[in-house]
Amino acid sequence: MSTQVTPQSYYGPSFAALLDSDPQIAELLVSELDRQRAGIQLIASENQTTPAVLAALGSTLSNKYAEGYPDRRYYGGCVEVDKVEKLAIERAKSLFGAEHANVQPHSGASANQAVYGAFAAPGDTILGMSLDHGGHLTHGFKVSFSGKWFNAVHYGVAKETEDIDYDQVRDLAKEHRPKLIIAGGSAIPRKIDFAAFRQIADEVGAIFWVDAAHFIGLVAGQAIPSPVPHADVVSFTTHKVLRGPRGGAIVCKAEHAAKIDRAVFPMMQGGPLMHGVAAKAVNFAECATTAYQDYARSVIANAQALAAGLGERGIRPITGGTDTHLSLHDLQGVAVTGADAEKRCDAAGIVLNKNAIPFDPEKPNIASGIRVGTPSVTTQGMGTEQMERIADLIHRAVTTTDGDPEHETARSLRAEVTELLGAYPAYPTP
Ligand code: PLP
């Protein structure tokens, strides 16, 4: 390694080179950055990663083939990428207190594929949360490989609490004796009782798998309890609250390490994206800081303030609130569909998504709810006071506009959004 690393000593693809060779794409990159800066970003699965992570992603590590694992590669010339991957693995193990880490999955779905590959065979029974109650496509939904290749059984939430129905989980586990029991999903506002899942898995001899894609950043920031001591295996994405590069990872007990590694490569993937692995290493180090722990706590405080603010305005939070970075809201009280709310907010400069709510009377592409999350706005430095203001903006967009960006109220809401973002810019220019 060169002893003097300076920006000049590092040959990274510069934006100037892109502008020169492909101005069309260069301009689109700038337009997308402008779009991210111009709106209030409330997509619960998105964040604004750091310049350091972006630098690793835009590096010449993208050139390197490194099939295999450190010191066990199928290609020569892996001396530097071996060091990178070892650092990423060690940092992941240390951050999550895990016995083993695999940092190669290209995405959350790829990580999940590998977990199936390690523990199940086609035709086996799996038990996960249903998509319409907050689960994920890869937990056995019929259009996904997981629903096509496995016999998927689903639990949901209890009608009274709108939170996971643990009695139903136990009943279904006893009835169907699944190979795998999955906890986690895309629209679960509350903490999950990992100990209860562990107990159920033990009662039926199942592998207990937590798909922590959404909330792993809060675990990294020590703001909510960790699934790692309870689960056999934990898969996650690195780009949500965690704020790293787009990608996936898996941590597991040492006894499952070889199975998981073989399932990632060569079973499900080819060569790892080494620029992504480097960016994951950068991110894991960032997440081990007290600054990130403060961030994780603020993400939750902001989500709670936003959920309460919307609730006070008749946009009811499912389960009554949130313990995490996201809340799910029922729009039936204001007689607007999720699809209309998404469109109206978009026209007002607020980016969020429609979402099915448990026992939703509408079809999924219309939906009766919205999902909002605070990872991005918290990265921009906003606090609970700003969440109160955003709740008001959402309420007015949803109830007094029609989705037309030229609507007078939509225009004035956009002006308010611009004013708010002026004080909390995304990627501020130094
Ligand atoms: N698992 C859960 C719970 C998710 O929410 C997501 C994505 O939103 C995934 C897996 C898939 O991640 P990716 O989009 O990186 O494949």
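Helices (H or I, at least four residues) and strands (E, at least two) are DSSP runs, numbered from the N terminus. The model is predicted: local features need pLDDT of at least 70, side-chain atom pairs count only at pLDDT 80 or more, and totals for chains, interfaces and linings use all residues. Residues are numbered from 1 along each chain as its sequence is written, and side-chain values use heavy atoms, with hydrogens and water left out.

**Backbone exceptions**

Most residues other than glycine have a negative phi, and most peptide bonds are trans. Alanine 335, in the loop between β12 (326-330) and α13 (338-347), has a positive phi near 55°. Glutamate 162, in the loop between β6 and α7, also has a positive phi, of about 60°. Their accessibility is classed as buried under 20% relative accessible area, exposed over 50% and partly exposed in between (1.4 Å probe, protein chains only). Alanine 335 counts as exposed at 69%, whereas glutamate 162 is buried at 15%. A cis peptide bond, with omega about 10°, joins phenylalanine 265 and proline 266; proline 266 lies in helix α10 (residues 257-268).

**Helix packing**

Axes are lines fitted to C-alpha atoms, for helices over the stretch in contact, and angles run from 0 to 180 degrees between N-to-C directions. Helix α15 (residues 384-400) and helix α16 (residues 408-423) have axes that come within 10 Å and cross at roughly 165°. The two are therefore roughly antiparallel (over 145 degrees; under 35 is roughly parallel, 65 to 115 roughly perpendicular and the rest oblique). Their crossing is left-handed, a term for a near helix turned anticlockwise from the far one by less than a right angle, with right-handed meaning clockwise. Contact means heavy atoms within 4.5 Å. Among the α15 residues that meet α16 are Arg389, Leu393 and Arg396, and the α16 side includes Leu413, Glu416 and Leu420. By class, this contact has six nonpolar, three polar and four charged residues; Ala, Val, Leu, Ile, Met, Phe, Trp, Tyr, Cys and Pro count as nonpolar, Asp, Glu, Lys and Arg as charged, and the others, Gly among them, as polar.

Helix α7 (residues 166-176) packs on helix α8 (residues 194-204) at an angle of about 15°, with the axes 9 Å apart. That makes α7 roughly parallel to α8, and the crossing is right-handed. Residues of α7 including Tyr166 and Val169 meet residues of α8 including Phe197 and Ile200. The contact divides into seven nonpolar, one polar and three charged residues.

**Aromatic pairs**

Rings of Phe, Tyr and Trp (its six-membered ring) pair if their centres lie within 6.5 Å; planes under 30 degrees apart count as stacked, over 60 as edge-to-face and the rest as tilted. The count comes to 13 aromatic pairs, including the two tabulated here.

| Pair | Geometry | Centre to centre | Angle between planes |
|---|---|---|---|
| Tyrosine 65 and tyrosine 75 | stacked | 5.1 Å | 20° |
| Tyrosine 155 and phenylalanine 197 | tilted | 5.7 Å | 55° |

Tyrosine 65 lies in the loop between α3 (51-57) and β2 (68-69), and tyrosine 75 in the loop between β3 (72-73) and α4 (79-96), so their pair ties together parts ten residues apart in sequence. Tyrosine 65 is partly exposed at 45% relative accessibility, as is tyrosine 75 at 36%. Tyrosine 155 in strand β6 (residues 151-155) and phenylalanine 197 in helix α8 tie together parts 42 residues apart, and both residues are buried. One aromatic cluster is formed by Tyr116, Phe145, Trp149, Phe150 and Trp209.
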